[in-house]
Amino acid sequence: MICLYQRTIKRPVEIKGIGLHTGLPVKMRLLPAGEHEGINFLRNGEIIPAKVEYANGFEFSTTLEKNGIKVRTVEHLLASLYLTGIDNLYIEIDNEEVPILDGSAKPFVDAIKFAGIQALNEEKLYAVINKRVRAGSLDKYIEGRPAYSFLITYHASYDNDVIGNKAFTFEIDNREDYLKVLSARTYCFLEEVEYLKQNGLAKGGSLENAVVIDGKNGCVVNPEGFRFKDEPIKHKALDLIGDIYLLGNPVIGEIYSYKGGHKLNADFVKALKEQNAYELRYASEVLSLINENQCLDFLSKVSIR
Ligand SMILES: [Zn+2]
């Protein structure tokens, strides 16, 4: 899915809920923005860009902070913007944390559809990965490499039967997987609940907005079970997409995450920047490169700086 023009929304839309970690009520308004303005949060008079430079908290969610003003748990909203191709948006928020809603990105996507998608006059800019890049260690890492579209693989490895050791590959044009990824809910382990509570986290967490997995007994606590097979791995893919968007542009390339989480996702985005492992290309350039060359030529062309 390569969109030619940058996108915003047609009209403002309001979203209300509670924060997963703070448990506090929050009201958000998504507002249209112009070409090249990017994604920005507006809170207490501060403009906080949704960029990795402002990411500084990663415990069970991703937090942005500028001049002491925080916005927490931005990843599912950012994933919904990535998946609907929204490049420019203001997000006015009246509390510290983005609402968790049902724990997935689906309610944000529904709100964006309700507001309507507006194409702008400028072409979209893609971050085209032009060489191999890696962040992390041997037991947890993320690797990126050149490819013809946006392709991500999340490889989970848990010592339990509910999730186990499995990988899921998501290609953005696969409609069925697209719907599953955006509907995959936040999850946690029953064994973690005590830790979360003691550390002042998950105060708003419930079976309404999270899947709770009983690792010891190999079952799901929620009576309805999973929405579909491998929902937790698909949620990890969703988190990865949201955190990747802290780069500021959608990606053309393949990303493989082995047991990655929010901190590693952000480290990978930083590695892409620090190692000059991508270049920004307008959509028409990306399309013509793909159409003209298809294979090896494309890779060699994108690596010319
Ligand atoms: Zn998540």
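The largest nonpolar core of this predicted model comprises 79 residues, a nonpolar core being a set of buried Ala, Val, Leu, Ile, Met, Phe, Trp, Tyr and Cys residues joined through C-beta atoms within 7 Å. A residue is classed as buried if 20 or more other C-beta atoms lie within 10 Å of its own, as exposed if 12 or fewer do, and as partly exposed in between, with C-beta atoms placed from the backbone. The residues with the most contacts inside this core are Leu-78, Leu-89, Ala-237 and Ile-241. The core draws at least three residues from each of domain 1 (5–124) and domain 2 (126–302), the domain bounds coming from an automatic or database domain assignment. Two residues are said to be in contact if their C-beta atoms, placed from the backbone, lie within 7 Å. By this criterion, and leaving aside neighbours within four places in sequence, Ala-237 is in contact with Ile-152, Tyr-154, Phe-168, Phe-170 and Val-181.

Residues are numbered from 1 along each chain as its sequence is written. Because the model is predicted, local features need pLDDT of at least 70 and side-chain atom pairs count only at pLDDT 80 or more, whereas totals for chains, interfaces and linings use all residues.

The protein is divided into domain 1 (5–124) and domain 2 (126–302). The C-alpha centres of domain 1 and domain 2 lie 18 Å apart. Across the boundary, 33 residues of domain 1 are in contact with 32 residues of domain 2. Helices H1 and H2 are the elements that give two or more residues to the side of domain 1 that touches domain 2, helices (H or I, at least four residues) and strands (E, at least two) being DSSP runs numbered from the N terminus. H1 gives the most to that side, with eight residues. By class, the side of domain 1 that touches domain 2 has 16 nonpolar, 11 polar and six charged residues; here Ala, Val, Leu, Ile, Met, Phe, Trp, Tyr, Cys and Pro count as nonpolar, Asp, Glu, Lys and Arg as charged, and the others, Gly among them, as polar.

Five strands form an open sheet in the order S2-S3-S9-S4-S5, with mixed pairing; two strands pair if DSSP finds at least two bridges between them. Strand S2 (13–18) and strand S5 (46–49) stand at the edges, each with a single partner strand, so one side of each is left without a neighbour in the sheet. Neighbouring strands of this sheet are turned by 25° against each other on average, direction ignored. Within the sheet, strand S3 (residues 25–32) and strand S9 (residues 89–93) pair in the antiparallel sense over five bridges, and Arg-29 stands opposite Glu-92 in S9. Helix H2 (residues 106–115) lies across S2 and S3, running at about 160° to S2; axes are lines fitted to C-alpha atoms, for helices over the stretch in contact, and angles run from 0 to 180 degrees between N-to-C directions.

Ile-18 is located in strand S2. This residue counts as buried, with 21 C-beta neighbours inside 10 Å. Not counting residues up to four places away in sequence, Ile-18 touches Gly-23, Leu-24, Pro-25, Val-26, Pro-99, Ile-100 and Gly-204.

Two hairpins involve strand S7. Strand S6 (residues 55–57) and strand S7 (residues 63–66) pair in the antiparallel sense over two bridges, and the bridge partner of Ala-55 in S7 is Leu-64. Five residues stand between the strands of this hairpin, where Phe-60 takes a positive phi near 60°. S7 is also joined to strand S8 (residues 69–71), in antiparallel fashion, by three bridges, and Glu-65 has Lys-70 as its bridge partner in S8. The hairpin of S7 and S8 has two residues between the strands, and Asn-67 takes a positive phi near 50°.

A further open sheet has three strands in the order S16-S17-S18, with mixed pairing. Its edge strands are strand S16 (187–189) and strand S18 (219–220), each of which pairs on one side only. Helix H4 (residues 190–198) lies across S16 and S17, running at about 95° to S16.
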